[in-house]
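Have the viewer open as you read.

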Amino acid sequence: MLPRRLLQLFIGLAMYGISLAMFIRAGLGLDPWDVFHQGVAGRTGLSIGVVVIIVSFLVLLLWIPLRQRPGFGTLCNAVLVGVFADIGLALIPVFSHLGGRIGMLAGAVLLNGIASACYIGARFGPGARDGLMTGLARRTGWSVRLSRTLIEVVVLAVGWFLGGSVGVGTVVYALAIGPLVQLLLPVFMVPAALPEPDQHDHQDAGTSVRG
């Protein structure tokens, strides 16, 4: 299953970065973390892709006191989403017509849901931001939902203060992405490998069949 998992991981991360570019081109609001990324990019002059990469590695530093361990997919996520976000922004045009922007937003939400299900289903480890959420929940005893809400409220507020785009797209993303990923995840989830039976298991199985 390794070739499929790797392909699914890389395709999922590429689509995730492209979906971020689509959200930006729609101009109707971003998800909380990307409001923050856009705000930082606007204040520093860096591309949003570079900001995504830098923030990802800074967030990974917060994993240390939480005793979280990054996986291969975590590190790929930290780099590739930002790379493909910048590629998407270079290729996707700006839409001035509201109908085109609404269509771009709808496509961005759908592509983001597919992308999330792809890279989560590949089982190579969570993204930096998801790992921060689950690590905080584990260390504090808070629910994952509470941890996610607190983190996203903070980054949304800071990002809005820095000039990031908050709008109807922010609300649409918040309402749609959870159910969409839940619907798509069974399609993309790679089955976990079964442990190899040891010699004792073989002997027991053989005895059972002969009996």
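## The biggest pocket

First, a word on terms: a pocket here is an open set of grid points with protein on both sides within 12 Å along at least five of seven lines, and a lining residue has an atom within 4 Å of a point. Keep in mind as well that this is a predicted model. The largest pocket comes out at a volume of about 1,100 Å³. Its lining is made of 40 residues, and those nearest the centre are Asp130, Met133, Arg148, Glu152 and Tyr173. Two or more lining residues come from each of helix 1 (2-26), helix 2 (32-44), helix 3 (48-66), helix 4 (72-91), helix 5 (98-121), helix 6 (128-140), helix 7 (144-162) and helix 8 (168-188).

Which helix gives the most to the lining of the largest pocket? That would be helix 7, with eight residues.

Around it sit Trp33, Phe36, Val55, Leu58, Val59, Leu62, Leu132, Ile151, Val154, Val155 and Val158. At least two of the lining residues come from each of helix 2, helix 3 and helix 7.

How many nonpolar, polar and charged residues does this lining have? The count is 11 nonpolar, with no polar and no charged residues.

In soluble globular proteins, nonpolar side chains tend to be buried together. In this model, the largest nonpolar core holds 52 residues, and the members that touch the most others are Leu9, Phe23, Trp33, Val59 and Leu132. Helix 1, helix 2, helix 3, helix 4, helix 5, helix 6, helix 7 and helix 8 each put in two or more residues. Helix 1 has the largest share of this core, with 10 residues.

Besides its neighbours within four places in sequence, Val59 is in contact with Trp33, Ala128, Arg129 and Leu132.

## Helix 6 and its partners

Helix 6 has 13 residues and runs 18 Å from its first C-alpha to its last, close to the 18 Å expected at 1.5 Å a residue. Its buried residues are Ala128, Arg129, Gly131, Leu132, Met133, Gly135, Leu136 and Ala137. These pack against helix 2, helix 3, helix 4 and helix 7. After helix 6 comes Gly141, with a positive phi near 85 degrees.

Thr74 lies in helix 4. Is Thr74 buried or exposed? It counts as buried, because its relative accessibility is 0%. Leaving out residues up to four places away in sequence, Thr74 touches Leu60, Trp63, Phe124, Gly125, Pro126, Gly127 and Ala128.

Phe84 also lies in helix 4, but Phe84 counts as partly exposed because its relative accessibility is 27%. Beyond its neighbours within four places in sequence, Phe84 is in contact with Ala14, Gly17 and Ile18. If you want a distance to check in the viewer, Phe84 and Gly178 are 94 residues apart in sequence and 23 Å apart in space, C-alpha to C-alpha.

## Two arginines with positive phi

Most residues other than glycine have a negative phi, and most peptide bonds are trans. Arg67 has a positive phi of about 60 degrees. You'll find Arg67 in the loop between helix 3 and helix 4, and it counts as exposed because its relative accessibility is 63%.

Arg123 also has a positive phi, near 60 degrees. Its place is the loop between helix 5 and helix 6. With a relative accessibility of 42%, Arg123 counts as partly exposed.

## Zooming out

The chain has nine helices and zero strands. Its C-alpha trace spans about 75 × 35 × 25 Å along the principal axes. Of the 211 residues in the chain, 41% are buried. Among contacts between residues at least 6 apart in sequence, 81% join residues at least 24 apart.

Technical notes: Residues are numbered from 1 along each chain as its sequence is written. This is a predicted model: local features need pLDDT of at least 70, side-chain atom pairs count only at pLDDT 80 or more; totals for chains, interfaces and linings use all residues. Side-chain values use heavy atoms; hydrogens and water are left out. On a 1 Å grid over the protein atoms alone, a cavity is a set of points where a 1.4 Å probe fits but cannot get out, and a pocket is an open set with protein on both sides within 12 Å along at least five of seven lines; lining residues have an atom within 4 Å of a point. Grid points are joined across faces, edges and corners, and a volume is the space filled by probe spheres set on the points. Helices (H or I, at least four residues) and strands (E, at least two) are DSSP runs, numbered from the N terminus. Ala, Val, Leu, Ile, Met, Phe, Trp, Tyr, Cys and Pro count as nonpolar, Asp, Glu, Lys and Arg as charged, and the others, Gly among them, as polar. A nonpolar core is a set of buried Ala, Val, Leu, Ile, Met, Phe, Trp, Tyr and Cys residues joined through side-chain atoms within 4.5 Å. Buried means under 20% relative accessible area, exposed over 50%, partly exposed in between (1.4 Å probe, protein chains only). Contact means heavy atoms within 4.5 Å. The expected span of a helix is 1.5 Å times one less than its number of residues.
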